[in-house]
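Work through the exercises below with the structure open. Each task is followed by a worked solution.

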Amino acid sequence: MDNVIEVNHVSKIYNLYKKPSYRFYETILFNKKSFHEEFEALKDISFNVKKGECFGIIGVNGSGKSTILKIITGVLNQTKGDVKINGKISALLELGAGFNQEYTGIENIYMNGLVLGYKREEIDKMIPAIEQFADIGDFINQPVKLYSSGMFARLAFAVAINVDPDILIVDEALSVGDIFFQSKCYKKFEEFKSLGKTILFVTHDLTSVLKYCDRVMVLNKGDVIDIGKPSEMVNIYKKILANTFDEEDNKNKIENKKINQDFLWKKKLALNPKPNIYGNNEAEIIDFGIFDDQGEITNSIQQFKDVFIKIKTKFNIDVLNPIIAFTIKNVKGQEITGSNTMYENIEFEKVKKGEIITVEFKINLPISVGQYLLDLGVTRYEMDNLIVLNRLYEITTIDILSKKNNVGFVNPNCEVSVKRDE
């Protein structure tokens, strides 16, 4: 596919002044003396977006997401580098950006259309579709300064998608709309993709990233950390959020995609920085991984697909009949499902000191869409007493993804048929 956006070695540097007067002093001295500090919001970043692609950009606040979008749309100029655009852009950057507060909704529609190069007669034809999509009633004839944030979002998105752009850029603006409006917007995303149009999408809604994006870029502190499959990039983002991201380790991974035998599975997962770990250490879980049906290590799993939970345990003393277990809980701490080697009729008898055992649980998760917590454990019985050797509570997450919602904890995987009597 052809590239419709090419960003080559772009940097953005801001001059920061401790006092407003310092800017004046620097000007009258013709830069003979510097009164500012430089802040590099973007650091030599490069990426391409292909025609017909939904390209996601994720990162914590302050990572440079909005800055690069403003450079792509021409709102800001880059300090260094080059940006090439092949197609007409419609951007929804910030709530109400580009709207005149004193103008009515209708007047703002015409103003935006004229800025994009449309004739008034062409905009006349767009008005009914925009009114229908925005669905704000007679408020469309009122000054936008009277609008709620939800009305702003409705009108702004309705305008953005109905001016027939080649490239749609959306920056978090959908988060203010209600669930019904968001559903309508995402259906429009699907329609855009089917028409071969391009979407550049910035959001903190990771479920939407996983569902709609073809590729994702992770930004952090103005740097491109990685670009790749949505599930892998979401895992990196979660590590950044949890302060468990190892930038050097990630660079090595990019340079050498082959993982050697010493690589720990858990390093590729988003881990809880403060899990509850306890036990008598007669055995310890030294590694674990969540694998999808393609064998990839990931925190994000498709509903009804096979999942493999692997637990690697090292025994520090001889242990009779150890039990290795996993439990999946919701965010409220309710146990949703789980199993262990005893329930599955696996008996180890005596495991010797120094021995390492890897247990793989192959499961299928029909549980509802959402984020869950994973507990792992190694125990044994001494008479009727349960002895905890090692437990890792809430050590990581499992994100269940699906294109269908349902009621309750379990998706019944319904197949629905409808017959109309004539």
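The model is predicted: local features need pLDDT of at least 70, side-chain atom pairs count only at pLDDT 80 or more, and totals for chains, interfaces and linings use all residues. Residues are numbered from 1 along each chain as its sequence is written, and side-chain values use heavy atoms, with hydrogens and water left out.

**Exercise 1.** Find which strands stand at the edges of the open sheet of six strands.

Step 1. The strand order is 5-6-7-3-8-9, with mixed pairing; strands are DSSP runs (E, at least two residues; helices are H or I, at least four), numbered from the N terminus.
Step 2. Strand 5 (89–92) and strand 9 (223–228) each have a single partner strand, so one side of each lacks a neighbour in the sheet. Two strands pair if DSSP finds at least two bridges between them.
Step 3. Strand 5 pairs with strand 6 (residues 167–171) in the parallel sense, over four bridges. Ala91 stands opposite Ile169 in strand 6.

**Exercise 2.** Classify the angle between helix 4 and helix 5.

Step 1. The axes of helix 4 (residues 120–134) and helix 5 come within 8 Å and cross at roughly 140°. Axes are lines fitted to C-alpha atoms, for helices over the stretch in contact (heavy atoms within 4.5 Å), and angles run from 0 to 180 degrees between N-to-C directions.
Step 2. Helix 4 is therefore oblique to helix 5: angles under 35 degrees count as roughly parallel, over 145 as roughly antiparallel, 65 to 115 as roughly perpendicular and the rest as oblique.
Step 3. Residues of helix 4 that meet helix 5 include Met126, Ile130 and Phe133; their counterparts in helix 5 include Leu155 and Phe157.
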